[in-house]
Amino acid sequence: MTQVKITGIGAVTACGQGVAALLAALEKGSPGADYRVATQGLDEFVPAKQSRRMDNFTRMAVLAACLAVRDAGIEADAKFKSETGIVFGSALGPQGSSFSFLDGIMDGGDNCASSFLFTNSVHSTAAAQVALTLGIRGPMRTVTAFNQTAGAAFASALNWISSRVVNRVMVILTEEISAVQQYGVARNGAHGPIGPFGKGCSYVPGEGSVAFMLEDSAQGYCALRHLDQCLSVDAAVGRAANCDMLFTAAAGRADEFETYSRLWSGQTPYAAYSPLYGSLYAGMGLELAIAALSIKKQVVFPIPGIAANDKKSGKHPMAGDSLLKKVAIAAVTGPERIAYAELGI
Amino acid sequence: MSDSDSVISGMGCFCAAGGDLASAWKEMTAGNSNPGSPAGLKAALKRLSPVFAAPAGSENKIAALAGAGMEKTRCVFFFLTALAEALAQAGLDAADLRGQRIGVCVGTTVGCTLNDEQFYREFREGKEPGLMAIDRFLANNPAQYVSSALDLYGPVSTINNACTSGVDAIGQAREWISDGLCDMVIAGGTDELSRIPYLGFSSLLNTSELPCRPFDLKRDGLNLGEGAGVLIMERRAAASARGAKALVEVAGYGTCGDAYHPTAPHPQGLGLEQAIRRALGGIAPGEISFINAHGTATTANDQVEGSTFARVFGPQVTVFGSKGYTGHTLGAAGAIEAVFIAQGLLSGEIPATAGFSEADPGCAIVPTCSLTRVKGDFALSTSLAFGGNNSALLLKLGK
């Protein structure tokens with residue numbers, strides 16, 4: 001039977017670049033305020049001649065991908081290039097290039113449409129740049145379905161590995177902040193700091209990219225044991241009851257609060273780390289990365305801005321031996337729908 | 001044949017060639033191509049390219065499918081129109097699907113991009129526009145809209161793989177069925193004419209001022225189009241259990257990247273050949289009855305596709321290109337063309353390649369020049385995209 005393991009993680013978030021930076025931020029447990037991301041680390045992996053053709057969105061994705069390859073300890077040889085697939089997910093896509101393209105025609109007229117910005121405004125360009133950078137010639141897919149993006153992306157990866165299309169798949173989830181998004185959030189009355197366990201609208205747009213190397217392997221952070229793109233809340237609570245911890249992608253959206261409240265109503269200790277990385281549709285991916293790190297380190301990290309064992313705001317199990325054998329990750333995708341995954345040792 | 005095979009029990013299309021499959025096929029087999037003026041796009045360009053606009057649709061036809069109070073984009077409207085046709089052929093009533101574990105997988109490009117110019121202009125000018133444009137964008141992710149409007153309980157995915165999106169949506173649907181995630185998937189693609197890709201493709205200098213000429217020696221670029229193609233895909237056992245007829249089987253799917261160039265295909269078509277061979281699986285190339293090529297009528301695409309077909313299948317392989325009837329419908333193209341190859345298998349004939357008149361030796365194949373009889377069980381459709389993505393879909397008669 002195929003055992004899909006997470007063998008590498010690349011995280012580019014407001015916490016910094018790489019797993020070490022994410023770990024340090026998790027251990028510190030301080031909430032962020034500005035969720036913009038720096039990508040200067042890309043210079044280590046990509047020649048300036050190539051990276052200057054990349055917009056911010058693509059830079060985040062390519063950097064996360066390169067970090068995941070390094071984290072997995074994989075050599076980018078011919079075998080890797082031909083036997084690796086890429087599944088890229090983004091809810092909103094490359095907003096910067098999309099709006100810059102519009103700026104160009106509004107400032108200079110239709111004849112000033114930029115071919116460079118047009119190309120970069122296509123969601124799948126980031127995946128293409130990852131493939132170009134790493135020389136990957138396997139299957140490549142870009143999915144975009146708002147809060148259902150992560151589930152759809154991981155489903156593709158699991159199929160490709162289990163059906164032997166490729167030996168490994170890199171799943172990359174990326175979101176970019178735009179001024180338009182911030183305007184929309186402000187008009188809707190949202191204001192930080194992000195309170196994932198509160199009723200109010202505390203959504204603060206975040207950006208970043210997280211990449212996972214998935215392989216049929218005996219080694220790695222943990223195994224991706226289960227994925228369901230559409231579970232009822234009751235079914236999710238039932239499944240999570242058999243888990244040691246429930247990581248949730250709650251990020252301060254008032255319209256999701258009731259559903260998350262039901263999800264948290266079970267006995268399983270739960271957490272949400274959006275105050276660390278911001279509110280983004282790819283939150284399930286970030287929670288999955290944090291869950292993998294928690295299993296690997298056998299640590300439950302403090303929830304930023306939330307006191308430990310605060311029953312109102314999130315239960316916190318105490319650390320201990322074999323604390324986290326199996327954990328659940330869940331994201332609300334609709335009034336009665338949950339995207340759900342389980343990781344295990 | 002296996003119970004876990006994916007079969008197609010219903011299909012629909014809505015495009016410039018016709019408002020449903022029957023009328024589109026009638027026009028295509030008669031060789032009628034109707035490109036139109038791009039005046040509606042109000043593009044202030046020195047070079048204008050014709051477009052293939054979808055016919056006027058009917059809200060009545062989709063009343064049972066549209067979400068109450070949910071404003072629709074044209075992308076969603078096109079998809080629902082084709083979906084109504086597909087459901088009818090599959091013998092399904094939308095009301096009976098509610099609450100069922102049915103997946104929705106849709107390819108698109110324009111349909112997942114916030115590019116409302118009026119809103120953005122006002123935003124830039126500090127006029128604090130209302131959020132209707134954003135709300136409409138958030139409510140109209142095509143796959144999410146359909147799943148929500150029909151109250152379905154299955155996996156959802158919108159694929160934006162540029163011009164391979166439609167084929168890739170069908171490929172992902174097949175994966176869901178083979179993995180047992182659901183027994184039925186509404187799969188396809190949809191895209192609408194929009195100023196953004198119109199200006200964008202023009203900026204890339206790969207649009208033609210004339211009706212497009214796939215594989216022709218004098219081809220000089222593509223024309224954009226719009227529309228949707230929808231398939232009702234089911235696990236064979238499930239279709240059989242409800243007494244539905246399997247029209248065709250989705251027998252293979254392959255997708256591969258070139259890792260060569262951000263916009264141009266690999267000149268030797270290495271990724272395309274790999275995708276084709278993956279789709280074929282154990283099927284010998286000689287068993288393929290015909291191919292619907294991506295055939296955009298750009299210099300590079302048609303040369304790469306033609307030479308790859310000749311290498312894999314031999315230069316005499318039967319190839320037709322349909323973009324002379326539909327225009328390049330971007331994220332919908334692979335789905336609309338999947339419907340066309342299914343119809344070709346079922347009817348035993350395929351149309352002439354509209355726009356083609358003079359063979360290009362560089363393409364290494366000659367596409368259909370007239371209505372062509374075909375026989376055999378298998379047909380292939382290929383799609384190529386920005387970023388070097390190549391996808392191929394293999395259909396088999398469902399007898």
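Which residue is the bridge partner of Gly107(B) in strand 4 of chain B? The answer is Ile159(B), and the views below start from there. This is a predicted model, where local features need pLDDT of at least 70, side-chain atom pairs count only at pLDDT 80 or more, and totals for chains, interfaces and linings use all residues. Residues are numbered from 1 along each chain as its sequence is written, chains are lettered from A and ligands numbered from 1 in the order in which they are written, and side-chain values use heavy atoms, with hydrogens and water left out.

**View 1. Strands 3 and 4 of chain B, side by side.** Strand 3 (residues 102-107) of chain B runs parallel to strand 4, with four bridges between them; pairing here takes at least two DSSP bridges. Strands are DSSP runs of E with at least two residues, helices are runs of H or I with at least four, and both are numbered from the N terminus. In strand 4 (residues 156-159), Val156(B) and Thr158(B) point one way, while Ser157(B) and Ile159(B) point the other.

View 2. Rolling a probe the size of a water molecule over the atoms shows where empty space is left. A cavity is a set of points on a 1 Å grid over the protein atoms alone where a 1.4 Å probe fits but cannot get out, and its lining residues have an atom within 4 Å of a point. Grid points are joined across faces, edges and corners, and the volume is the space filled by probe spheres set on them. Helix 8 (residues 195-203) of chain B gives the largest share, three residues. The tally is ten nonpolar, six polar and no charged (Ala, Val, Leu, Ile, Met, Phe, Trp, Tyr, Cys and Pro are nonpolar; Asp, Glu, Lys and Arg charged; the others, Gly among them, polar).

**View 3. The second largest cavity.** This one has a volume of about 120 Å³. Among its 13 lining residues, Asn147(A), Ala249(A), Glu256(A), Leu280(A) and Tyr281(A) sit nearest the centre. Nine of the lining residues are nonpolar, two polar and two charged.

**View 4. Cysteines without a bond.** Searching the whole structure turns up zero disulfides, a disulfide being two cysteine sulfur atoms within 2.5 Å. Cys15(B) is buried at 0% relative accessibility, and its closest cysteine sulfur, in Cys13(B), is 4.2 Å away, too far for a bond.

Notes
On a 1 Å grid over the protein atoms alone, a cavity is a set of points where a 1.4 Å probe fits but cannot get out, and a pocket is an open set with protein on both sides within 12 Å along at least five of seven lines; lining residues have an atom within 4 Å of a point. Buried means under 20% relative accessible area, exposed over 50%, partly exposed in between (1.4 Å probe, protein chains only).
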